[in-house]
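Please keep the sequence and the model in view while reading.

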Amino acid sequence: MKIVSAGIIICEHKILIAQRIHGKSLEYMWEFPGGKLEEGETLPQCLKREISEELGLDITVGEFFMKSDYHYEFGTIQLLSLIHI
């Protein structure tokens, strides 16, 4: 099972979501930005790194929001969401 962080980023009453790119699994689907947890990394460190790499933003990670497990044909993903307001 892959563990993935997701950031629920709220700014000025707007929520940031991103669309997956063409050629990747689940292409064109909408998602909260984030990514896979690397070995030795905490969940907040993972989210901070992924947001920096993907969006060029330096965020302060807030509190844990929820956990969801998703079962796809290629495997199971455990999605751990954190909030940044």
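## Terms and basis

A residue is called buried when its relative accessible area is under 20%, exposed when that area is over 50%, and partly exposed in between, using a 1.4 Å probe and protein chains only. The model is predicted, with local features requiring pLDDT of at least 70, side-chain atom pairs counting only at pLDDT 80 or more, and totals for chains, interfaces and linings using all residues. Residues are numbered from 1 along each chain as its sequence is written, and side-chain values use heavy atoms, leaving out hydrogens and water.

Helices (H or I, at least four residues) and strands (E, at least two) are DSSP runs numbered from the N terminus.

## Ile8 in strand 1

Strand 1 covers residues 2–11 and includes Ile8. With a relative accessibility of 11%, Ile8 is classed as buried. Leaving aside residues up to four places away in sequence, Ile8 is in contact (heavy atoms within 4.5 Å) with Phe32, Phe65, Ser81, Leu82, Ile83 and His84.

Ser25 is 17 residues from Ile8 along the chain, and the C-alpha atoms of the two are separated by 21 Å.

Glu12 is exposed at 66% relative accessibility; His13 is exposed at 83%.

Most residues other than glycine have a negative phi. Glu12, however, has a positive phi near 50 degrees, and the phi of His13 is positive at about 65 degrees.

The buried residues of helix 1 are Leu43, Cys46, Leu47, Arg49, Glu50 and Ile51. They pack against strand 1, strand 5 (34–36), strand 6 (64–72) and strand 7 (75–84). After helix 1 comes Gly56, with a positive phi near 70 degrees.

## Cysteines

How many disulfides does the structure hold? There are zero disulfides, a disulfide being a pair of cysteine sulfur atoms within 2.5 Å. Cys11 is partly exposed, at 48% relative accessible area, whereas Cys46 is buried, at 0% relative accessibility.
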